[in-house]
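Student: I have a model open and would like to go through it with you. Could we take it piece by piece?
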Amino acid sequence: MTYSDTTIWWIIAILGVGTFLIRFSFIGLIGSRPMPPWVLRHLRYTSVAILPGLVAPLVAFPAATGGSPDPARLLAAAVTVGIGYWTKGVVRAMLGGAITLFAVQYMLG
Amino acid sequence: MSPSTTKSALWRGVYSSLPFIIVVVPFAMLFGVAATEAGLPIEQVMGFTVLVVAGASQFTALQFMIENAPVLVILASALAVNLRMAMYSAAITPYLGDQPLWKRALLSYVLVDQTYNLAILEFEENPNQTTAQRTAFFVGCSLPLIPLWIGFTWVGAALGGQIPPEYGLDFALPIAFLAMVAPALRTVAHIAAAVTSVVLALALGFIPLNLGLLAAAIIAMMVGAEVERRMA
């Protein structure tokens, strides 16, 4: 890394302010003004539209195995989604996924 | 509205965030370790963690800094990773937009993947809550997570040493996010959006600066909304 101390502080400051402004964008500017129904209809799908896509490459090509698909991680992801979907329990799903990951890793040595 | 129900909403927020300590602690430590090993002094590591408060973008910035990328590339890619938070900001506005500006500013500071997703699950399950109760729940979610994020970044920076990859800690984040999203798959429209998101994120992974994920997310939201409209 060859940046000066000042440059690094500028990077940190701009990322800090920029990230805050991204977070503040809608809730800051729109506030209590009503949004049209079609906008609300799209916003209802924010979570399910981002998180699966964010996680998919990490599940399919985990960095810890050098990017090659890993049966333990694939199975752990499937178990997490299954438990979460059918029981609606976030904690149960996390525990089920973690236990699956460690159990399969242990069995495969 | 009685203060006791606000207080109980705050505590429910705290409790529901507790499982995510398993995610935040190793992720924060990893950033502290990685940033220190990349050569950042501890005050800059902490500057990142306190001012940016967004792990994925901090790792992105760090990676580009290690490669001595141009400053504009660092800024653009790290901020692109955070653009999803604009969608979170929009999604919580119908629930928390009544608060005065300074409170909305403070809520924005603690708007991260975990607080957003826990809160939106809660808001949708309990539609009759007041804005004060919703705010209290949201703050409750952030109370354990944000200080732990900051504290364990410091621990990682102070320890410096490597955390062995065979512990599988890398997978804490995917499991946590999947555990959050699976209970939200309530309708065909939600499932259609999630499947679209996975397929397009994998297909568009070659696009730099994480913009493929953003495109996948926007199209997935449109698919969800369209399925909902047709089923109605």
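Predicted model: local features only at pLDDT ≥ 70, side-chain atom pairs only at ≥ 80, totals over all residues.

Student: How many of the 13 residues of H6(B) are buried?
Tutor: Eleven of the 13 are buried, so H6(B) is largely enclosed by the rest of the structure. Among them are Arg84(B), Met85(B), Met87(B), Tyr88(B) and Ser89(B). The buried set also includes Thr93(B), Tyr95(B) and Leu96(B).

Student: Moving to the contact of chain B with chain A, how many residues does each chain give?
Tutor: Chain B contributes 78 residues and chain A contributes 65. On the chain B side, helix H6 (residues 84-96) gives the most, with twelve residues.

Student: And how do the residues on that side of chain B divide into nonpolar, polar and charged?
Tutor: The side of chain B that touches chain A has 56 nonpolar residues, 16 polar residues and six charged residues.

Student: What about the domains of chain B, where do they lie?
Tutor: The domain assignment places domain 1 of chain B at 3-166 and domain 2 of chain B at 185-232. Their centres, taken over C-alpha atoms, are separated by 23 Å. Six residues of domain 1 and five residues of domain 2 take part in the contact of these two domains of chain B.

Student: Which helix gives the largest share of the domain 1 side?
Tutor: Helix H5 (residues 71-82) of chain B does, with four residues on the side of domain 1 that touches domain 2. The residues of that side of domain 1 of chain B comprise four nonpolar, one polar and one charged.

Student: Changing topic to chain A: how many helices and strands are there?
Tutor: Chain A has five helices and zero strands, and its elements run α-α-α-α-α from the N terminus on.

Student: How does the radius of gyration of chain A stand against a compact globule of 109 residues?
Tutor: Such a globule would be near 13 Å, but chain A has 20 Å. The C-alpha trace of chain A spans about 50 × 50 × 20 Å along its principal axes. Of the 109 residues in chain A, 42% are buried. Among contacts in chain A with a separation of 6 or more, 30% come from residues 24 or more positions apart.

Student: Which residues of chain A does UniProt list as "transmembrane region"?
Tutor: The unreviewed UniProt entry lists residues 6-31, 43-65 and 85-108 of chain A under that name. In the model, residues 6-31 of chain A are 92% helix and 0% strand, with end C-alpha atoms 36 Å apart. For residues 43-65 of chain A, the figures are 70% helix, 0% strand and 35 Å.

Student: One more helix, then: how far does H4 (residues 71-87) of chain A reach?
Tutor: Helix H4 of chain A has 17 residues and reaches 24 Å from its first C-alpha to its last, close to the 24 Å expected at 1.5 Å a residue. After H4(A) comes Lys88(A), whose phi is positive, near 60°.

Student: What covers the buried residues of H4(A)?
Tutor: Those buried residues include Ala72(A), Arg73(A), Ala76(A), Ala77(A) and Gly84(A). The cover includes helix H3 (46-60) and helix H5 (90-107) of chain A, together with helix H10 (172-181) of chain B.

Key:
Residues numbered from 1 in each chain as written. Chains lettered and ligands numbered in written order. Domains from an automatic or database assignment. Contact = placed C-beta atoms within 7 Å. Helix = DSSP H or I, 4+ residues; strand = E, 2+ residues; numbered from the N terminus. Nonpolar A, V, L, I, M, F, W, Y, C, P; charged D, E, K, R; others polar. UniProt positions renumbered as here; feature names shortened; annotations may be inferred. Expected span 1.5 Å × (residues − 1). Buried ≥ 20, exposed ≤ 12 C-beta atoms within 10 Å, placed from the backbone. Rg over C-alpha atoms; globule rule 2.2 N^0.38 Å.
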